[in-house]
Amino acid sequence: MEILDEAAKEKMRTAGRLAAEVLEMIAPHVVAGVTTGELDDIMLDHIQNQQHAISACLGYHGYPKATCISVNEVVCHGIPGIQHLHNGDIVNVDVTVIKDGYYGDTSKMFMVGEVSLRSRQLCRCARESLYQALRVIRPGVPLTVVGDVIQPIADKAGFSVVRDYCGHGIATEFHTEPCVLHYRNTQLKNFILKPGMSFTIEPMINAGTWKCKVNKKNGWTVTTADKQPSAQYEHTLIVTDDGCEITTRREEETDIPSVFHNM
Ligand code: MF3
Ligand code: CO
Ligand code: CO
């Protein structure tokens, strides 16, 4: 995996800020009645014409849209289209931009109108599990720390951790090794973090079973096997000398710093 030098880190910061800024920009548009396709159009226009950046998703292995928008029981890779948002929906918007050859990948949940207590708890669980994982990232630790932190948070809330999709190395390519597992595992025990590594953490937390199904017609959309809702948050980070730096932090995230000192 790539070890980033200072110039590469600066490019990661730029790409990450742009990806975060897309989520900040789209927030007021995520309301009942809008279609996911309209949201995608607004984001693509912003990425191309305001940011002068590239959507990493558009055309990626044939993916047809600029972003992923995953509503309720959709776990990830929801394809924007004619679907209208309704009061009570929970919506993940996942944005990946390329700027100057480097990638920023991030997602968050939006709640439309009044959302059930259980769905609110699910979104909070996904966010907090990501935040707690960010607190244990530092040089010298094995990447198993991610699953060691996230799994018990989901367990305690009565939710489950998706096993079929993982975080990933990211820098000048979208998805590289390692596969950052969010559930408790032993596979990653020999993957020891070093300064300058960059990867995503992006826990998908399901209200019911962790099992997922891929839509056979479009080959992309992943739903929960039991149709219960799913929530996800994602950040891109760089391992520093004493913790990690989040490249995709949004201004609204006043409860986390951009730079974690975890030693
Ligand atoms: N952004 C997603 C991730 O977090 C990947 C989306 S790939 C796409 O890794 F082709 F579906 F857009
Ligand atoms: Co990702
Ligand atoms: Co993503």
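Are Tyr63 and Trp220 buried or exposed? Both residues are buried, that is, under 20% relative accessible area, with exposed meaning over 50% and partly exposed in between (1.4 Å probe, protein chains only).

The model is predicted, so local features need pLDDT of at least 70 and side-chain atom pairs pLDDT 80 or more, while totals for chains, interfaces and linings use all residues. Residues are numbered from 1 along each chain as its sequence is written, chains are lettered from A and ligands numbered from 1 in the order in which they are written, and side-chain values use heavy atoms, without hydrogens and water.

View 1. Strands are DSSP E runs of at least two residues, numbered from the N terminus; two of them pair if DSSP finds at least two bridges between them. Nine of the ten residues of S4 are buried. Strand S2 (residues 68–71) pairs with S4 in the antiparallel sense over four bridges, with Cys68 as the partner of Asp94. Ten bridges join S4 to the antiparallel strand S5 (residues 102–111).

**View 2. The ring pair of Tyr63 and Trp220.** Rings of Phe, Tyr and Trp (its six-membered ring) pair if their centres lie within 6.5 Å; planes under 30 degrees apart are stacked, over 60 edge-to-face and the rest tilted. By this rule there are three aromatic pairs. The centres of Tyr63 and Trp220 are 4.9 Å apart and their planes stand at 85 degrees, so this pair is edge-to-face.

**View 3. The ring pair of Tyr103 and Phe174.** Here the centres lie 5.6 Å apart with planes at 25 degrees, so the pair is stacked. Tyr103 belongs to strand S5, whereas Phe174 lies in the loop between strands S7 (167–169) and S8 (176–180).
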